[in-house]
Amino acid sequence: MDWIDKNLKISENSDTLYFVGCAPFFDVLFSDIGVTPTRTANSTIKILNYLGIIPIVLKDEKCCGHDLLWQGDFDNFKNLALYNIDAIKKFGVKKMVFSCPECYRAFRIDYSKYFDFKIEMYHISEIVANAIAEKKIRFKEIAKSITFQDPCRLGRHLGIYNEQRKIL
């Protein structure tokens with residue numbers, strides 16, 4: 001939890017849980033090339049805080065198991081999934097937010113398919129696009145050309161294409 005910026009607010013009692021995914025582990029893995037995935041995690045919490053959401057972040061969060069399932073290791077995927085489901089149910093949250101497309105896909109499709117786990121789930125892009133539509137977030141226009149590649153798990157697997165474009 002030491003990766004969380006001290007200016008951000010997290011809670012132990014909220015209706016919303018932010019599932020961080022492997023970002024803290026990837027910080028260590030990619031530190032030699034200057035990649036810090038926890039910047040995305042901190043930015044996600046910052047956006048949620050801006051919108052008045054103070055999420056729970058699990059202290060003992062484990063991997064979602066996406067890669068294990070895709071590699072055919074169902075037993076270890078099942079063990080991770082059941083651990084995560086149990087940990088999440090203890091908090092009684094109503095919603096989960098993800099910034100990692102693989103985690104979002106694993107929970108929304110695979111967990112729901114193999115386990116009794118029904119909960120509202122959102123990718124941060126869905127929350128931001130909705131906040132823009134409701135005029136809770138405003139951006140100043142910048143005249144720049146950009147290239148955007150849809151994450152396969154969000155686009156082809158979950159059909160989420162428009163939200164990112166609304167934000168851009």
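The largest pocket holds about 420 Å³ of space. A pocket here is an open set of points on a 1 Å grid over the protein atoms alone, where a 1.4 Å probe fits and protein lies on both sides within 12 Å along at least five of seven lines; lining residues have an atom within 4 Å of a point. Its volume is the space filled by probe spheres set on the points, which are joined across faces, edges and corners. The model is predicted, so local features need pLDDT of at least 70 and side-chain atom pairs count only at pLDDT 80 or more, while totals for chains, interfaces and linings use all residues. Residues are numbered from 1 along each chain as its sequence is written, and side-chain values use heavy atoms, with hydrogens and water left out.

The lining of the largest pocket comprises 18 residues, and Cys22, Ala23, Phe26, Cys100 and Glu102 lie nearest the centre. H1, H2, helix H3 (66-70) and helix H5 (101-114) each contribute at least two lining residues, with the largest share, three residues, coming from H5. Helices and strands are DSSP runs numbered from the N terminus: H or I with at least four residues for helices, E with at least two for strands. By class, 13 of the lining residues are nonpolar, three polar and two charged. In this classification Ala, Val, Leu, Ile, Met, Phe, Trp, Tyr, Cys and Pro are nonpolar, Asp, Glu, Lys and Arg are charged, and the others, Gly among them, are polar.

Phe26, one of the residues nearest the pocket centre, also belongs to a nonpolar surface patch with Leu29, Phe30, Ile33 and Val35, which together have about 450 Å² of accessible area. Such a patch joins nonpolar side chains (Val, Leu, Ile, Met, Phe, Trp, Tyr) within 5 Å, from residues with over 30% relative accessible area and no salt bridge. The areas come from the Shrake-Rupley method with a 1.4 Å probe, and for residues only the protein chains shown count as cover. Phe30 lies in the loop between helix H1 (23-29) and helix H2 (38-50) and is partly exposed at 31% relative accessible area. Buried denotes under 20%, exposed over 50%, and partly exposed the range in between (1.4 Å probe, protein chains only). Phe98, in strand S2 (residues 95-98), is buried at 0% relative accessibility.

The structure contains four salt bridges, each defined by a side-chain nitrogen of Lys or Arg within 4 Å of a carboxyl oxygen of Asp or Glu. One of them joins Glu12 to Lys59 at 2.8 Å, N to O. Because Glu12 is in the segment before strand S1 (16-19) and Lys59 in the loop between H2 and H3, this pair ties together parts 47 residues apart in sequence. Glu12 is exposed at 58%, and Lys59 is exposed at 55%.

Another salt bridge links Lys90 and Asp86, whose closest N and O atoms are 3.5 Å apart. These residues are four apart in helix H4 (residues 74-91), and so about one helical turn separates them. Lys90 is exposed at 67%, whereas Asp86 is partly exposed at 41%.

Helix H6 (residues 124-133) is largely enclosed by the rest of the structure, because seven of its 10 residues are buried. Ile124, Ile127 and Val128 are among them. After H6 comes Lys135, with a positive phi near 60°. Lys136 and Glu134 form a salt bridge at 3.0 Å between the closest N and O atoms.

Definitions and conventions
Patch = residues over 30% accessible without salt bridge, like charges linked within 9 Å, V, L, I, M, F, W, Y side chains within 5 Å.
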